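Have your viewer ready and your selection tool at hand. We will go from stop to stop, and at each one you will hear what to select and what is there.

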Amino acid sequence: MTHSVPRRHHDIADDLRHQITTGSIKPGERLPSEAGLAARYRVSTVTLRRALAVLQGEGLVEKIHGKGNYVRHPRRKITYVGGWGTLDPWTAAEPTLRITVRSTTVPASVHLTTLLKVPTGSPLAEYTCLSLERGSPQGLARIYIPRDLAPPGVLDDDSECREAVTRFAVLGPSQTTIRETVCARSPTPDEASALRIGSTTTVLAITRIATDSTGRVIEAALLAFPGDRVDAVFTAHHVLDERQTYG
């Protein structure tokens with residue numbers, strides 16, 4: 001009896017998924033070329049790519065430009081702690097998690113002008129932080145501070161600010177008020193590229209505004225996490241209803 005060869009893209013995805021979940025193809029292993037897989041399954045490269053897109057959407061396979069398709073290591077979610085505005089200490093201390101940080105000075109765009117309440121074109125210090133686990137992006141933070149308020153030596157190895165920025169934390173003074181707005185949306189092209197996700201993947205987007213005791217905005221942060229790679233934890237505090245207290 002001859003063994004039938006799966007032809008439809010979901011059949012191919014099922015077969016590859018079985019090989020991945022049973023360990024026949026191991027985490028970190030590169031899949032055969034798309035042309036080789038198409039020949040093996042006797043389908044067009046278009047059909048084969050549809051199958052790979054299914055696995056990429058499930059997080060089992062990652063396509064790295066110029067290198068090929070690789071089996072992902074099992075995903076571990078990172079935790080963002082709302083109110084404190086930071087990755088939790090256990091997440092940040094994971095030995096497999098690495099944070100890359102780049103800093104530059106940029107003029108305030110219209111959007112940043114609105115968030116920071118500064119004139120358009122004002123110089124801002126921009127810190128771009130990308131968290132990676134085993135080379136796979138987990139989260140992206142862009143932190144903006146008016147240039148005159150930027151902490152000196154933020155990227156120095158012995159700087160406390162560097163330790164803060166690697167946790168996506170607020171870089172301003174500790175006595176600040178933090179307001180966070182959270183939404184689920186499609187990624188911007190820049191976010192999709194940095195996080196290596198498709199344009200249809202949902203991201204958890206957090207806009208974080210920090211103000212000092214005078215009400216001045218001292219920092220605006222734009223954070224984006226692939227929706228399936230993060231838990232955002234917010235703690236609610238009980239507020240007395242004055243109508244019940246005095247009614």
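## Stop one: a pair of helices

Helices α1 and α3 cross in a right-handed way; a crossing gets that name if the near helix is turned clockwise from the far one by less than a right angle, and left-handed if anticlockwise. Before you select anything, please note that this is a predicted model, where local features need pLDDT of at least 70 and side-chain atom pairs count only at pLDDT 80 or more, while totals for chains, interfaces and linings use all residues. Residues are numbered from 1 along each chain as its sequence is written, and side-chain values use heavy atoms, with hydrogens and water left out.

Helices here are DSSP runs of H or I with at least four residues, strands are runs of E with at least two, and both are numbered from the N terminus.

Show side chains next. From α1, His9, Ile12, Ala13, Leu16 and Arg17 meet a set in α3 that includes Leu48, Ala51 and Leu55 (contact means heavy atoms within 4.5 Å).

Which residues join Glu34 in one salt-bridge network? Select Glu34 and Arg49 first: their side chains form a salt bridge, 2.7 Å from N to O. The term covers a side-chain nitrogen of Lys or Arg within 4 Å of a carboxyl oxygen of Asp or Glu.

Colour by accessibility and you will find Glu34 buried at 14%, Arg49 partly exposed at 47% and Lys63 partly exposed at 46%. Buried means under 20% relative accessible area, exposed over 50%, and partly exposed in between, with a 1.4 Å probe and protein chains only.

Move on to Asp148 and Arg216, another salt bridge, with the closest N and O atoms 3.6 Å apart. Asp148 is in the loop between β7 and α6, Arg216 is in the loop between β9 and β10, and they are 68 residues apart. Asp148 is exposed at 59%, and Arg216 is partly exposed at 38%. To answer the question above, shared partners join Glu34, Arg49 and Lys63 into one network.

Select residues 78–81 for strand β3, then 86–87 for β4 and 230–233 for β11. They form an open sheet of 3 strands in the order β4-β3-β11, with mixed pairing; two strands pair if DSSP finds at least two bridges between them. The edge strands, β4 and β11, each pair on one side only. Strands β3 and β11 run parallel, joined by 4 bridges, and Ile78 has Val230 as its bridge partner.

Finish at Asp231, in β11. Asp231 touches Lys77, Ile78, Thr79 and Tyr80, not counting residues up to four places away in sequence. The C-alpha atoms of Asp231 and Ile78 are 6.3 Å apart, although 153 residues separate them along the chain.
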